[in-house]
Amino acid sequence: MSAHSAEPPARVDVVLVKAGRTKIRYAAELLHDDGTRLAVRAPWAGAGVRDFGFTRFEPGDVFTEYYWRERWYSVKEVRTAAGTLKGWYCDITRPAVLTGTELVVEDLDLDLWRSADGTDVRRLDEDEFAESGLAERDPGAAAAAVAALDELERLAREGGFTDLLA
């Protein structure tokens, strides 16, 4: 099945790759694929609770995830099992690739968090990004990653962020 098939699969495997290795793989329900942007929904796929200090991801949380084939990020809406919005966790990635039922996304270390009420917008993992060596190995990708983070932060602080997901 091609990436732009008229009948997309109802389920996909999301594969997050980091530094050439699979970081995590999980099944997700494919909600939407217009050829440019995909939306999937999946329960929290991590083991146990992940406490960031500013939010927690925990069993029962539901992620509605948005991926683009032409943009250098993904946006994950995070809700509790009861449906309460926690916020959005954004990964800076290479553009997503859907092949058959496998959605592959390469994580480039940079992240952004935006709380549900929009008062907490924070850049994450800039130290990991600097240590990754991407700027030396692939300056073009590094520049695209930083530009994507800047764009998401601007949208999160100044408005237009939720328009990405509409």
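**Figure 1. Aromatic pairs in the predicted model.** The count comes to 11 aromatic pairs in this predicted model. One of them joins Phe52 and Tyr89, whose ring centres are 5.6 Å apart and whose planes meet at 35°, so the pair is tilted. Phe52 sits in the loop between β4 (50-51) and β5 (56-57) and Tyr89 in strand β8, so the pair ties together parts that are 37 residues apart in sequence. Phe52 counts as partly exposed because its relative accessibility is 22%. Tyr89 has a relative accessible area of 8% and is therefore buried. Both residues belong to one aromatic cluster, formed by Trp44, Phe52, Phe54, Phe57, Phe63, Tyr89 and Trp113.

**Figure 2. The largest pocket and its lining.** The volume of the largest pocket is about 540 Å³. Its lining is made of 28 residues, and those nearest the centre of the pocket are Leu16, Lys23, Trp44, Arg50 and Asp91. Trp44 is also a member of the aromatic cluster. At least two lining residues come from each of the strands β1 (11-18), β2 (21-33), β6 (62-68), β8 (85-93) and β10 (102-115). Among the contributors, β10 gives the most to the lining, with four residues.

Figure 3. The relative accessible area of Lys86 is 16%, so the residue is buried, the limit being under 20%. A polar atom of the Lys86 side chain lies 2.5 Å from the backbone oxygen of Arg56. The side chain of Lys86 is also joined to that of Asp61 by a polar contact of 2.7 Å.

**Figure 4. Two loop residues with positive phi.** Ala19 lies in the loop between β1 and β2. Its phi is near 55°, a positive value in a residue other than glycine. With a relative accessible area of 72%, Ala19 is exposed. Asp125 is found in the loop between β11 (121-124) and α1 (126-132). Phi of Asp125 is near 65°, again positive in a residue other than glycine. Asp125 is partly exposed, at a relative accessible area of 24%.

**Figure 5. Leu165 and Tyr66.** Leu165 is located in the segment after α3 (139-158). Along the chain, Leu165 and Tyr66 are 99 residues apart, while their C-alpha atoms are separated by 7.2 Å. Leu165 has a relative accessible area of 12%, so this residue is buried.

**Figure 6. The annotated region.** An unreviewed UniProt entry carries the annotation "domain: DUF402" for residues 54-161. In the model, the chain over residues 54-161 is 29% helix and 43% strand.

Key:
Residues are numbered from 1 along each chain as its sequence is written. This is a predicted model: local features need pLDDT of at least 70, side-chain atom pairs count only at pLDDT 80 or more; totals for chains, interfaces and linings use all residues. Side-chain values use heavy atoms; hydrogens and water are left out. On a 1 Å grid over the protein atoms alone, a cavity is a set of points where a 1.4 Å probe fits but cannot get out, and a pocket is an open set with protein on both sides within 12 Å along at least five of seven lines; lining residues have an atom within 4 Å of a point. Grid points are joined across faces, edges and corners, and a volume is the space filled by probe spheres set on the points. Rings of Phe, Tyr and Trp (its six-membered ring) pair if their centres lie within 6.5 Å; planes under 30 degrees apart count as stacked, over 60 as edge-to-face and the rest as tilted. Buried means under 20% relative accessible area, exposed over 50%, partly exposed in between (1.4 Å probe, protein chains only). UniProt positions are given in the numbering used here, feature names are shortened, and annotations may be inferred rather than shown by experiment. A polar contact is a pair of N or O atoms within 3.5 Å; within protein, one must be able to donate a hydrogen and the other to accept it, and residues adjacent in sequence count only if both atoms are side-chain atoms.
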